[in-house]
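Please open the structure in your viewer and keep the selection tool at hand.

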Amino acid sequence: MSGHYLKKHPDKNGWYGEYGGAFLPPQLEQPFAEISEAYDRISLSADFQNELKYIRKHFQGRPTPIHYARNLSDSLAGARIYLKREDLNHTGAHKLNHCMAEALLARHMGKQRLIAETGAGQHGVALATAAAYFGLECEIHMGEVDIEKEHPNVVRMKLLGAKVVPVSFGGRTLKEAVDSAFQSYLKDPVTSIYAIGSVVGPHPFPKMVRDFQRIVGEEARAQFAEMTASDLPDHVAACVGGGSNAMGIFQGFIDEEEVTLHGVEPLGRGTKLGEHSATITYGSDGEIHGFRSLVLTNEDGQPAPVHSIASGLDYPGVGPEHAYLHKIGRVLYSAVSDQQTLDAFYKLSRLEGIIPALESAHAVAHAIRMAPEHPGESILINLSGRGDKDIDYVADNYGYNV
Amino acid sequence: MSRIAGRFAALKAEGRTALIPFITAGDPNPEVTVELMHSLVQAGADLIELGVPFSDPMADGPVIQRASERALKHHVGLHHVLEMVQTFRAVDPDTPVVLMGYLNPIEVMGYQAFAEQAAAAGVDGILVVDIPPEEGHGLLQTLQASTLDQIYLLAPTSTSERIKRICEVAGGFVYYVSVKGVTGASHLDLTAVENKLSQIRVHTDLPVGVGFGIKDAATAAAVGRIADAVVVGSALVSRVEALAERPHEIAAALSELLTDMRKAMDEA
């Protein structure tokens with residue numbers, strides 16, 4: 001790769017090679033044009049940048065540290081494993097990085113209400129937090145299945161003043177929550193803004209969320225160089241559902257060809273359609289929710305029901321930039337199962353005293369799998385969120401692994 | 001002249017406005033769809049808009065979305081919808097049929113295969129909700145080379161530049177979404193609609209239909225005075241939903257509403 005990847009991608013219409021774009025019904029064209037124009041104009045202004053910098057430091061608690069997972073690494077007798085601690089970001093996940101920025105943009109645009117979907121509830125909690133900070137209204141759409149599974153996050157959103165809209169159709173998870181949020185936004189695009197939860201959706205969202213998550217990669221690169229003898233890690237790994245945390249950390253390293261980037265998808269219960277959410281591994285070209293990417297569909301072209309133990313990864317599409325990075329071979333994508341994820345969840349908790357989100361545990365599982373084969377090398381994982389939200393679900397269904 | 005153009009020309013000669021009902025194919029089950037289409041024609045439909053079920057219809061409200069869900073429970077895909085049109089066409093050679101749906105099922109079937117099979121089945125026009133002309137990817141060219149008319153939506157927020165661009169590629173008629181929001185929303189502002197229709201007619205000689213928010217005969221008549229076609233969807237689909245467990249009563253219920261609308265429009 002000849003450098004400056006980020007400046008060259010996407011093109012001005014939001015295309016990453018053959019993926020991306022804006023497949024919008026006409027009712028949404030003007031609202032999205034408004035967001036796009038505002039993003040280009042406002043996000044680079046000194047006012048916006050300075051305020052975001054202040055928020056990152058004093059409200060979010062950034063920079064988040066990198067932790068050398070010595071016990072885990074020693075137990076594997078292979079590569080050294082490092083964790084970028086996004087679980088220590090305020091609200092417990094990387095999502096707040098783009099939510100604070102999206103809400104700040106909304107305020108600059110004079111919007112009064114933030115609308116979004118959420119899967120595991122991490123994006124919902126982060127957006128509700130941002131809304132409270134800026135004094136904006138907040139409406140979060142969430143599938144009924146996820147509402148039940150992620151109860152603590154539902155409580156948090158309500159305490160933060162957000163309205164949680166239960167989504168009762170289809171599979172009642174993240175995919176339907178996106179449909180519902182879009183529909184709500186369509187009703188009132190003048191006073192509201194859709195603050196999407198990942199690097200998905202029509203242009204400019206994949207770029208906007210990526211740019212707002214860039215802080216993770218920038219910090220991680222500098223911190224890694226400072227704490228180790230080498231400038232760069234050999235491997236960087238992150239879980240990929242929509243793909244926001246992965247795009248965040250990848251950006252610090254994407255122009256450095258010697259760094260191998262790993263995207264880790266959820267293999268769920270198996271390889272059959274409906275049992276996993278491994279979109280890059282098993283998907284085909286198509287459109288969903290206003291963008292072109294790889295999509296898991298049935299033979300009639302209907303986006304398929306998907307499964308992952310991690311609600312935040314439970315989505316039949318994937319960010320268009322990931323589809324592109326897969327196509328050009330810059331990022332290696334692989335998948336780990338629910339069981340491997342649980343093993344990693346327990347292992348990190350016991351060995352390092354860090355309970356990871358089930359989403360992030362996918363990346364840990366991949367590192368555990370590959371570490372023995374890479375002695376002397378380093379693996380930097382984006383530990384994108386903490387597992388507090390998952391503890392009841394795991395303990396009730398799988399026990400304490402004693 | 002296409003079947004759609006022919007139908008609008010005939011209506012214009014009579015000084016009448018087209019009435020276009022929308023139902024979702026396969027709702028509440030695939031067996032009733034063709035029968036419903038015939039009864040809609042008997043009740044005064046000039047064209048029929050048939051929804052292709054899609055699991056993630058981002059521009060539709062809950063009413064149409066649930067219609068898709070009911071149809072998908074019976075696994076009604078694009079192939080089935082084309083078979084339904086073919087069965088309808090065998091009996092009714094005259095009434096134009098427009099399919100309305102989302103891009104992905106068409107892409108999975110293949111653009112060329114879709115264009116050929118749709119035309120062969122007797123489909124006259126296609127409205128793909130989530131494909132603006134910029135993101136055509138060959139579909140627009142494929143359709144342009146076929147006999148199918150490409151119907152496009154325009155919204156209250158569509159700019160003049162946008163209207164011009166859409167009208168350049170549109171065929172059959174232009175479909176103006178009269179209220180902000182999703183299908184089934186309310187609050188129709190007639191003056192605003194009339195102003196926008198004038199703006200659209202600057203750019204095209206195609207008939208302009210108005211839909212979204214037309215719930216009853218009075219509204220249909222009022223819109224019929226300013227538009228070339230009145231599209232009614234959610235009001236019909238709500239009736240289908242209410243009678244989903246008694247499907248043999250649906251045809252009469254839809255006919256009742258459509259007959260009232262037709263009568264009010266003709267008297268207006």
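A residue is called buried when its relative accessible area is under 20%. By that criterion, 63% of the 268 residues in chain B are buried. Please bear in mind throughout that this is a predicted model; its scores are ipTM 0.89 and pTM 0.94.

**First stop: chain B as a whole**

Select chain B and colour it by confidence. Its mean pLDDT is 93, and 97% of its residues reach 70 or more. Where pLDDT is low, the predicted coordinates should not be read in detail.

Now switch to a cartoon view, in which chain B shows twelve helices and nine strands. The radius of gyration of chain B is 17 Å, close to the 18 Å that the globule rule gives for 268 residues, so chain B is as compact as a globular protein of that length. Its C-alpha trace spans about 45 × 40 × 35 Å along the principal axes. Of the contacts in chain B between residues at least 6 apart in sequence, 73% join residues at least 24 apart. Displayed as a surface, chain B has an accessible area of about 9,900 Å², and 52% of this belongs to carbon and sulfur atoms.

**Second stop: the nonpolar cores**

Which residues have the most contacts inside the largest nonpolar core? Select Met157(A), Tyr194(A), Ile249(A), Phe250(A), Phe253(A) and Phe173(B): these are the ones, in a core of 119 residues. Domain 1 (5–56 + 95–205) and domain 2 (61–93 + 214–398) of chain A both contribute residues, so the core lies between them.

Centre the view on Tyr194(A). Leaving aside residues up to four places away in sequence, Tyr194(A) touches Ile115(A), Ala116(A), Glu117(A), Val178(A), Ala181(A), Phe182(A), Tyr185(A) and Phe205(A). A second, separate core has 77 residues, among them Ile131(B), Val232(B), Leu236(B) and Ala251(B). In soluble globular proteins, nonpolar side chains tend to be buried together.

Most residues other than glycine have a negative phi, and most peptide bonds are trans.

Select His203(A) and Pro204(A), which are joined by a cis peptide bond with omega of about 15°. Pro204(A) belongs to the loop between strand S8 (192–194) and helix H10 (205–227) of chain A. Then move to chain B, where the peptide bond from Asp27(B) to Pro28(B) is cis, with omega near 0°. Pro28(B) is located in the loop between strand S1 (18–24) and helix H2 (33–42).

Select Ala77(A), in the loop between helix H4 (70–76) and strand S4 (80–85) of chain A. Although Ala77(A) is not a glycine, its phi is positive, at about 50°. Is Ala77(A) buried or exposed? Its relative accessibility is 63%, so Ala77(A) counts as exposed.

Next select Phe212(B), in the loop between strand S8 (208–211) and helix H10 (217–226) of chain B. Phe212(B), also a residue other than glycine, has a positive phi near 80°. With a relative accessibility of 6%, Phe212(B) counts as buried.

**Last stop: a helix in chain B**

Finally, select Thr259(B) in helix H12 (residues 250–267) of chain B. At 37% relative accessibility, Thr259(B) counts as partly exposed.

Key:
Residues numbered from 1 in each chain as written. Chains lettered and ligands numbered in written order. Heavy atoms only, no water. pLDDT = per-residue confidence, 0-100. Core = buried A, V, L, I, M, F, W, Y, C linked by side-chain atoms within 4.5 Å. Buried < 20%, exposed > 50% of the residue type's maximum accessible area, 1.4 Å probe, protein only. Domains from an automatic or database assignment. Contact = heavy atoms within 4.5 Å. Helix = DSSP H or I, 4+ residues; strand = E, 2+ residues; numbered from the N terminus. Rg over C-alpha atoms; globule rule 2.2 N^0.38 Å. Areas by Shrake-Rupley, 256 points an atom, 1.4 Å probe, with all protein chains shown as cover.
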